[in-house]
Amino acid sequence: MTRRSLMVAVTAIPSLCGSSVARTRKHPANPAAQGNYAAFLSSLRAEALGKGISGSTLSRALAMTTEPNARVIKLDQHQPEFTLTWAQYRKRVISTTRISQGQAARQQYGALLDKTGKNYGVDPRAIMGIWGLESGFGRKIGTFSVIDALATLAYDGRRASFFRGELLKALQILDHGDIQPETMLGSYAGAMGQPQFMPSAYLRYAVDADHDGRRNIWSSEQDVFASVANYLHGSGWHADEPWGQAVRLTQDIPQSQLGRSNKQSLAAWSTLGVRREDGSVFSRQDVTGAVLRPDGPGTEAFMVYHNFDVIRRYNPSDYYALGVGLLGYEIG
């Protein structure tokens, strides 16, 4: 994974990600705190040098952070607790504006998306859905210095060890020359570029699809699409299979019998009164799926399949995976 264990459903909404605030500076001047931070950076530099990262890369990168970033700490320690229903979440992430933006982007990049999907055996609509939820089709990649944010969280965060590891990986990326420290931008938690990869996910899945020698997930749509597709492919995407579909429950099924863990054949679900959205029976009865009804009895229901779980590898939230899938369907 990636940053995904950090995320809850609502953080798929760009306006709630904390990435729209620039590198707000920082704690009030405190000689002791600054001295401790300097010692932290010194130990980090020594560790990075031991891992083979060049001194010139470290000098340039660590110049991006001279004291802990107060805005990053505040966002990390005071993440808002939102309780959204599925209906509320769907309205936020699959708005008419986002659909129209996605359709325009699909028209502009359709050939590239289709080619990328074919190359990786991934549905281009899933790529579009992730791209749309993560960065508004590239419009909002975040304005925090990734080095500054990760260094702050490695020094003064709730998961210091995790963020120190991600910071060292970010320095490795810089040392490779894929991006410059000044343009390595992302969210306050260090998620980078248009697909919002953490550095560990970048190192595992980012692709130089345009063959310019750099894996550029910040401004190369070709690299962005290939990187997202590679993530899904590497997470076990099954080609030519849907992630899911809206369904109709013709008779009540207790909520305890639903959910991702309650998988059974469509034949079994059919005996319980589950039908396609238009009321017809499923054409395949041997396929295995699970029924989700996020808002409870009398509300929207979905049949979800293997690829739904693959999308959840990107962000472990049913809401997020439904949002990705449905946005992709809306865009077409």
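Start by selecting strands β4 (residues 264–265) and β6: two bridges join them, and they run antiparallel. Strands here are DSSP E runs of at least two residues, helices are H or I runs of at least four, and both are numbered from the N terminus. Two strands count as paired if DSSP finds at least two bridges between them. Pick S265 next; its bridge partner in β6 is T288.

This is a predicted model: local features need pLDDT of at least 70, side-chain atom pairs count only at pLDDT 80 or more, and totals for chains, interfaces and linings use all residues. Residues are numbered from 1 along each chain as its sequence is written, and side-chain values use heavy atoms, leaving out hydrogens and water.

Stay on β6, residues 288–292. Four of its five residues are buried (under 20% relative accessible area, 1.4 Å probe, protein chains only). V291 has M303 as its bridge partner in β7.

Select V247, L258, W269 and M303, which are among the eleven residues of a second, separate core. A nonpolar core is a set of buried Ala, Val, Leu, Ile, Met, Phe, Trp, Tyr and Cys residues joined through side-chain atoms within 4.5 Å.

Now go to the largest nonpolar core, with 87 residues; I147, L171 and M184 touch the most other members. Helix α13 (residues 318–331) gives the most to this core, eight residues. Center on I147. Its contacts (heavy atoms within 4.5 Å) include A61, M64, L167, L171 and M184, not counting residues up to four places away in sequence.

Key. Buried means under 20% relative accessible area, exposed over 50%, partly exposed in between (1.4 Å probe, protein chains only).
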